Amino acid sequence: MTAVWITVAVLTVGTFAAKASGTLVLGDRELPPRALNVTALLAPALLAGLLVFETLGAEGGGLTVDARAAGLVAAIVAILLKAPMFAVVLVAAAAAAGLRLFT
Amino acid sequence: MHQDSDIRAGLRAGLPLVLPTLAIGISFGVLAEPVMGSVAPVVMSITVFSGAAQFAALTVLTAGGGAFAAIAAGMLLNARWLPMGLAIGPFLKGGPVQRSIESIAIVDSSFALASRGDGTFDRLKLIGSTLPQGAAWVGGTVIGVLGGSFLGDPQALGLDAMFPAFFAYLLFEELKDRTRVVAAVGGALIALALLPFTPPGVPVLVAAFAALIGLKRTPAAAR
């Protein structure tokens with residue numbers, strides 16, 4: 001149990017430090033235009049990376065294709081059909097759950 | 001300069017994320033309870049408040065790894081808050097204490113929602129959209145810890161497919177021009193290439209480097 005609480009305590013401090021360091025270093029100084037061009041693209045680049053990681057990441061590291069991939073395909077179809085976010089998320093869960101039920 | 005939207009607009013933007021966040025919080029609680037007991041996962045969701053880092057640490061603890069390995073896994077996933085914090089940092093307000101507290105509101109979805117697409121960020125949209133998600137995350141963890149045995153296997157319900165779907169939705173909203181599509185494809189390819197060889201967290205962090213193609217573009221302000 002000690003390991004659990006040490007993990008919680010250190011990650012609390014570490015996460016806070018990681019989030020706060022940017023604003024503490026920069027204060028309210030504006031970034032130069034070239035840097036803004038980069039930060040403007042952070043959201044798509046990071047979201048795409050997260051998407052790959054959350055869909056294909058195996059437990060404990062590595063790559064795996066499982067029902068989550070089917071969920072993502074279903075989600076993308078729903079997005080292209082202009083479904084609202086709520087529906088997109090439910091469609092993905094249903095596709096993954098359905099696939100697991102029948103395999 | 002852009003006007004921040006009001007906090008209610010942020011809250012509204014965050015509402016569609018409540019159900020997926022609740023579901024992921026539940027699955028965190030269900031999976032964490034046998035390993036961490038019933039109190040630590042809830043404390044963790046309140047104080048760490050970073051889903052990916054919490055899952056990464058939990059995976060290590062579940063596999064019998066020690067605190068050091070669990071912390072390292074969590075912090076690797078946290079590394080992406082550094083570039084995100086630098087990007088959004090100048091748009092937070094107040095002295096160092098207030099700014100630090102506001103920075104807790106940086107979460108992936110809210111970061112994307114608050115991004116105006118020209119490199120600037122909407123502070124109240126960030127904070128407003130994080131609030132309902134925070135409540136759902138902690139509430140979900142409590143439900144998962146307490147009700148795990150009733151809910152059964154979160155994977156059988158497809159709960160783990162909700163987060164990718166929700167990132168996909170946010171990503172498609174982002175793809176407004178060619179440069180952004182290139183950044184997204186670049187980020188995805190980097191993550192895909194690194195995923196088989198690197199510890200969790202590294203693929204996502206390095207994917208952020210795809211944003212550097214912005215250096216080759218004419219200033220956003222000039223468009």
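I call a residue buried when its relative accessible area is under 20%, exposed when that area is over 50%, and partly exposed in between. I need this for B:Arg180, which has 5% relative accessibility and therefore counts as buried.

**Entry: confidence**

I noted at the start that this is a predicted model. I looked up chain A and found a mean pLDDT of 91, with 99% of its residues at 70 or more. I then went through the elements of chain A. Helix 2 (residues 33-56) of chain A has the lowest mean pLDDT among them, 88. Helix 3 (residues 67-80) of chain A has the highest, 96.

**Entry: salt bridges**

I asked how many salt bridges the structure holds over all chains. The count is six. The general idea is that side chains of opposite charge can pair when their charged atoms come close.

B:Arg180 forms a salt bridge with B:Asp177, and their closest N and O atoms are 2.9 Å apart. As noted above, B:Arg180 is buried at 5%.

Next I looked at A:Arg100 and B:Asp160, whose side chains meet in a salt bridge at 2.9 Å, N to O. A:Arg100 lies in helix 4 of chain A, and B:Asp160 lies in the loop between helix 9 and helix 10 of chain B, so this pair joins two chains. I checked the cover of each partner. A:Arg100 has a relative accessible area of 21%, so I list A:Arg100 as partly exposed. B:Asp160 is also at 21% and counts as partly exposed. The cut-off for buried is under 20%.

B:Arg8 is exposed because its relative accessible area is 55%. B:Asp6 has 38%, so B:Asp6 is partly exposed.

**Entry: the largest pocket**

I turned to empty space. In general, rolling a probe the size of a water molecule over the atoms shows where such space is left. The largest pocket holds about 1000 Å³ of space. Helix 2 of chain A gives two or more residues to the lining of this pocket, and so do helices 2, 4, 5, 8, 9 and 10 of chain B. I asked which helix gives the largest share of the lining. Helix 4 of chain B does, with eight residues. The lining has 42 residues, and those nearest the centre of the pocket are A:Glu54, B:Gly51, B:Ala52, B:Phe55 and B:Ala56.

**Entry: the cavity**

I searched the whole structure for cavities of 30 Å³ or more and found one. The volume of the largest cavity is about 30 Å³. From chain A, the residues A:Ala43, A:Leu46, A:Leu47 and A:Leu50 line the cavity. From chain B, the lining has B:Met84, B:Asp108, B:Phe111 and B:Ala112. Helix 2 of chain A gives the most to this lining, with four residues. Helix 8 of chain B also supplies at least two.

**Entry: positive phi**

I looked for residues other than glycine with a positive phi, and noted two. Phi of A:Lys82 is near 65°. A:Lys82 lies in the loop between helix 3 and helix 4 (85-102) of chain A. Phi of B:Phe49 is near 50°. B:Phe49 lies in the loop between helix 3 (40-47) and helix 4 of chain B.

I then asked of B:Phe49: buried or exposed? B:Phe49 is buried, because its relative accessible area is 13%. A:Lys82 has 76%, so A:Lys82 is exposed.

**Entry: surface patch**

I found a nonpolar surface patch of about 510 Å². Chain A gives A:Leu63 and A:Val65 to the patch, and chain B gives B:Val181, B:Val185, B:Leu189 and B:Leu192. I followed up B:Val181, which lies in helix 11 (residues 178-194) of chain B. At 34% relative accessibility, B:Val181 is partly exposed. Membership in a patch needs over 30%.

My last item is B:Leu151, which lies in helix 9 of chain B. B:Leu151 is partly exposed because its relative accessibility is 37%. B:Leu151 and B:Val30 are 121 residues apart along the chain, yet their C-alpha atoms are separated by 8.4 Å.

Key:
Residues numbered from 1 in each chain as written. Chains lettered and ligands numbered in written order. Predicted model: local features only at pLDDT ≥ 70, side-chain atom pairs only at ≥ 80, totals over all residues. Heavy atoms only, no water. Patch = residues over 30% accessible without salt bridge, like charges linked within 9 Å, V, L, I, M, F, W, Y side chains within 5 Å. Areas by Shrake-Rupley, 256 points an atom, 1.4 Å probe, with all protein chains shown as cover. Salt bridge = Lys/Arg side-chain N within 4 Å of Asp/Glu carboxyl O. Buried < 20%, exposed > 50% of the residue type's maximum accessible area, 1.4 Å probe, protein only. pLDDT = per-residue confidence, 0-100. 1 Å grid on protein atoms, 1.4 Å probe; cavity = no way out; pocket = protein on both sides within 12 Å on 5 of 7 lines; lining within 4 Å. Points joined across faces, edges and corners; volume = space filled by probe spheres on them.
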